[in-house]
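Keep the view open and find each residue as we come to it.

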Amino acid sequence: MLRKHLLPLVAAPILSLGLVSGCANSGAYTDSALTLGAGVLQATTLSEDQVKSVSQQAADKMDKENKVAPSSSKYAKRLEAITRNLKNTDGLTLNYKVYLSDQINAFAMADGTVRVYSGLMDVMPDDQVLAVMQHEIGHVKLKHSYKQMREKMLTDAAFQAVVSAGGTVGELTQSQLGQIAYAAVNARFSQADELEADAYAVKSLKRLGKDPYAMKRSIETLQKKVGGESSFLSSHPSNEKRLEKIQEEINRL
């Protein structure tokens, strides 16, 4: 793990602690944070490189705790075919893996981590899987993922308690990395962010010589096969609005 340091800190009014439940050490960190009085500390600067480094550490933890499809797996071979020549694209360096799980989900992190669950691949053809991944990559390219993780790191009581102890952050605990990973997998972006990521996916598919309608079909597939059980749909704007906006974006191409 890399050691990262934060610049001098200033006090800021308390907004929301945003703790993830189930953290074994959260009580101790919260108690420490409460000694700060009526506020929490906020870093004046938390660079994108620092957030990317933490993202990479959290992704490494996730990879160790999930069953990653080996290269011999049909899922890994399929993902390799889908993402061929897409490891470095649109100014991003991306790394892809499949988690062998029935979950119907995919996510990306600020460092370029892209993970897709085999459950999602089971219900979609390749072009739709690519569309969903392009949507998630859109969150990275448009810095939605960076901003959301930065927000968590600046407002999370557990993280801030460590910062307040000496003004610097060394290696994050496994518990803290777990919180960050959980937040990435279960990200709740704004409606505007989601629609932007949809538009990014449509344009990216066109740029890659793929069918931009695959983005629209991916939503329709999830609606038809899993409905509200899909976390990809449950955290996004209404499907009707998404489909309408995607069609508008396609018409503009």
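This is a predicted model: local features need pLDDT of at least 70, side-chain atom pairs count only at pLDDT 80 or more; totals for chains, interfaces and linings use all residues.

Start with Asp63 and Lys97, which form a salt bridge whose closest N and O atoms are 3.2 Å apart. The term salt bridge stands here for a side-chain nitrogen of Lys or Arg within 4 Å of a carboxyl oxygen of Asp or Glu. This pair links distant parts of the chain, with Asp63 in helix H2 and Lys97 in strand S5 (residues 95–99), 34 residues apart. The names of such elements come from DSSP runs, numbered from the N terminus: helices are H or I runs of at least four residues, and strands are E runs of at least two.

Residues are numbered from 1 along each chain as its sequence is written, and side-chain values use heavy atoms, leaving out hydrogens and water.

Next, find Glu48, which forms a salt bridge with Lys143, the closest N and O atoms being 2.9 Å apart. Glu48 lies in helix H2 (residues 48–65) and Lys143 in the loop between helix H5 (126–141) and H6, so the pair ties together parts that are 95 residues apart in sequence. Glu48 is partly exposed at 25%, and Lys143 is partly exposed at 33%.

Another salt bridge joins the side chains of Arg217 and Asp211, at 3.1 Å from N to O. Arg217 is partly exposed, with a relative accessible area of 28%, and Asp211 is partly exposed as well, at 35%. Shared partners also join Glu48, Lys52 and Lys143 into one network of salt bridges. How many salt bridges does a search of the whole structure find? The search finds 13.

Finally, turn to two helices. H6 (residues 144–155) and H8 (residues 174–185) pack with their axes 11 Å apart, at an angle of about 145°. Axes are lines fitted to C-alpha atoms, for helices over the stretch in contact, and angles run from 0 to 180 degrees between N-to-C directions. Gln148, Met149 and Lys152 of H6 make the contact with Gln179, Ile180, Ala183 and Ala184 of H8, where contact means heavy atoms within 4.5 Å.

Key: Buried means under 20% relative accessible area, exposed over 50%, partly exposed in between (1.4 Å probe, protein chains only).
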